[in-house]
Amino acid sequence: MALIPLLAMVRKDLQLFLSDRRSVIVSFVVPIAIASFFGSIFSGPGSNSEPARIAIAIIDQDASAISRSIVAGARADKSLKLAMPTEAEARDEVRRGKTAVAVIIPKGFGEAAGNAFFGNGEKPQLSLLHDPSRGIELAMVRGILTQHVMEAVSREMFGGEQGRRAVEQTLPGIASSSMPAAEKRALMEMLNSVQKFYNQPAAGGAQAGTGRRGLTMPYNVREEAMTAGSNIAYNGYSHSFAGMAIQFLLFAMANAGIEMLIERQRGLWKRLRSAPVSRLTLLAGKAASGAIISLMILLVAFAFAMIVFRVRIQGSILGFLGISIACAVMASTFGLLVAALGNSPATARGVTTLAVLMMVMLGGAWVPTFIFPAWLQQLTVIVPVRWAVDGLDAMTWRGIGLSGALIPVAVLLGFAAAFASVAASRFRWEEG
Amino acid sequence: MVLPIDVPPEMLDIKHLRKSFGSLVAVDDVSFTLAPGQLVGLLGPNGAGKTTTVSMIAGLVTPEQGEVLIDGARLGGDTDPKKRRIGLVPQDLALYDELSARSNLRFFGALYGLAGSALDKAIAAALELVGLADRRNDRVATYSGGMKRRLNLAAGLLHDPDILLLDEPTVGVDPQSRNAIFDNLEVLKSRDKALLYTTHYMEEVERLADRIVVMDHGKVIADDTLDGLQSRVAAPAGGHATLETVFLTLTGRSLRD
């Protein structure tokens, strides 16, 4: 392969790329801006920021001790932002998307819930008005609400006036009930024990029956984020910069492929083909310049993330460089593919925009792949972006060593080889 | 009837070229020669096969049959060193508008293996010839149409080829720039370059060509000097027929596009 023409092609393409201020901005600044935005969303609560609370409303139509206790529990919950509007206001707020869920505690809820607690009454109904577009928040509110209702009802039933009254009313009726004798005996023993419990003086000198705790969560949770190390926090910017950088280097290389089609339209390929330069040199020159530009985009984006957002390569630096180079080569050969398969710049632009967007979405550059259906998650292994993002994640916040880079590098280079082969075989070499 | 004439030893010998695209035979058994210091005008209506012929000579299109000989040696594949002896000036303004004239020429020169001081000298000489030396560092986008045409010519002769293929090199330029290009071509002829010149402008061929090859429907239908062609057509009042009259007589008056 002739070195002088090859180097000349690389230098010329770099000159052209850098001379176009708009493409430089789009390639370097835009991915950094978007990655910063996505990173701030997906970073999770940092040391300086509180987690976003779910906006809920409670309409307490009962005003019982139990309902007031539920409201107090919800108000104290760090995951919830509580409002107490009227039902009409709550319905309007949910419809407008300003409140995720509105909980209606109907009149008589506390009494009925207390009775149902010992299994001898109809279960009352809690109404949840919810925004159908916020299913995840509905599920979270349902779980949190279960905890607060159980705590409030059990607290009242084991320590409150309603519980004492319920036991006093229930005990006489057991003897005349149709319950089997053994069950009657067991229930009476339990309720007598509860009554005895009510009549004991409370710890700390409180009056009997007051200040007691009901059922509580029988466990505490210790959460440990599995990152590069026990003292290393997850940095969401690592993922967002990987995803956005790859997205934009793919766009840059697709554009480079379209530029090749424009060069053909302008007759420039006649000059290239009339020179004593091999086809391999011509394609290699294009691939090399594309790979250099891609690598620059990726490294500049990560350099920014490291300086501004403290993203760190917790795994192997060599592995990170290997994946970056493999990404760059893959993207560059993707550009060659665009040039080989594109009929005209206009049609190629539309098709490649769609192709890049599909690749980055399926590859997890925008949202994590775990939210996809199982079959789609399986399918994403045929998308090079998936390997690029997973590989860069492995080398940054996951802190996996060089071994974690080997398969992504091999797969990305495999994609590059496939793209280059198709491009070389389908490239229109004749310039009539 | 084609009447080949004797010429000095051929630098370029085109033999029985044929090329078809699907069912369309674009070039069929085309043969002609080109000698050093000679300018051959290649004339023909649209679709006659001129550009395909030039493309085959330049190595852009592979002929199905026939061969291109340079000093008797067959021109081979993409990397044949003999391609260095050919310079192409395409009809399109094949230049990078975003780069300066010098950067354009640096790139095109490097494609022919030129580097360092040899490349710098070649760039200076080419720009001097076409009168763009003082604008060498300006972006091509800032050039007028005529200047771009002259730079297009400079890019084709940068590596000092012996044979220059000019495909309508004066399209869309003003008379001054056209005249300047003619002067450049006269200089190149005087340096013993062999020039193949395709155009639709009859007056250009009348002024420049030593020989004229007329093509139609993919075939060479005449290969003669201007006088030889004119003598084939009777002119009123005993004078010479114009080349346009000769051309229309040979190719007919039906529209081709």
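This is a predicted model: local features need pLDDT of at least 70, side-chain atom pairs count only at pLDDT 80 or more; totals for chains, interfaces and linings use all residues.
**Entry 1: where the chains meet**

I started with the interface. I counted 36 residues of chain B in contact with 28 residues of chain A. Together the two chains bury about 2800 Å², and 58% of that is on carbon and sulfur atoms.

Next I looked up polar links. The rule gave me 5 salt bridges across the interface, and 12 residue pairs in polar contact, both residues being at pLDDT 80 or more. On chain B's side, the elements giving two or more residues are helix H1 (50–58), helix H2 (101–111) and helix H4 (145–157). H2(B) gives the most, with 6 residues. Sorted by class, this side of chain B has 18 nonpolar, 9 polar and 9 charged residues.

**Entry 2: one salt bridge between the chains**

I picked Asp97(B) and Arg266(A), which form a salt bridge with their closest N and O atoms 3.9 Å apart. Arg266(A) sits in the loop between helix H9 (236–265) and helix H10 (268–274) of chain A, and Asp97(B) in the loop between strand S6 (86–89) and H2 of chain B, so this pair joins two chains.

**Entry 3: Arg106(B)**

I found Arg106(B) in helix H2 of chain B. What does Arg106(B) touch, leaving aside neighbours within four places in sequence? I got Arg11(A), Leu119(B), Asp120(B) and Ile123(B). With Asp120(B) there is a polar contact between side chains, at 3.1 Å. Ile123(B) is 17 residues along the chain from Arg106(B), and their C-alpha atoms are separated by 7.3 Å. Arg106(B) counts as partly exposed, with 22% relative accessibility; the cut-off for buried is under 20%.

**Entry 4: salt bridges inside the chains**

Searching the whole structure gave me 33 salt bridges over all chains. One of them pairs Glu64(B) with Arg18(B), the closest N and O atoms being 3.6 Å apart. Glu64(B) is in the loop between H1 and strand S4 (65–70) of chain B, while Arg18(B) is in strand S1 (residues 12–21), so the pair ties together parts 46 residues apart in sequence. Glu64(B) is partly exposed at 40%, and so is Arg18(B) at 23%.

I also noted Asp138(B) and Arg135(B), whose side chains meet in a salt bridge at 2.3 Å, N to O. In chain A, salt bridges that share partners join Lys12(A), Asp13(A), Glu263(A) and Lys286(A) into one network.

I checked the length of helix H16 (residues 403–426) of chain A. At 1.5 Å a residue its 24 residues should span 34 Å, and the end C-alpha atoms are 36 Å apart, which agrees. Among its buried residues are Leu412(A), Phe415(A), Ala416(A) and Phe419(A). An α-helix has 3.6 residues a turn, so residues three or four places apart point the same way. What covers the buried residues of H16(A) includes helix H12 (317–341) and helix H15 (384–395) of chain A.

Last, I looked at His148(A), which is in helix H6 (residues 135–159) of chain A. His148(A) has a relative accessible area of 9%, so it is buried. Not counting residues up to four places away in sequence, His148(A) touches Ile70(A), Gly73(A), Ala74(A) and Asp77(A).

Notes. Residues are numbered from 1 along each chain as its sequence is written. Chains are lettered from A and ligands numbered from 1 in the order in which they are written. Side-chain values use heavy atoms; hydrogens and water are left out. Contact means heavy atoms within 4.5 Å. Buried area is the accessible area (1.4 Å probe) that two parts lose on being put together, summed over both. A salt bridge is a side-chain nitrogen of Lys or Arg within 4 Å of a carboxyl oxygen of Asp or Glu. A polar contact is a pair of N or O atoms within 3.5 Å; within protein, one must be able to donate a hydrogen and the other to accept it, and residues adjacent in sequence count only if both atoms are side-chain atoms. Helices (H or I, at least four residues) and strands (E, at least two) are DSSP runs, numbered from the N terminus. Ala, Val, Leu, Ile, Met, Phe, Trp, Tyr, Cys and Pro count as nonpolar, Asp, Glu, Lys and Arg as charged, and the others, Gly among them, as polar. The expected span of a helix is 1.5 Å times one less than its number of residues. Buried means under 20% relative accessible area, exposed over 50%, partly exposed in between (1.4 Å probe, protein chains only).
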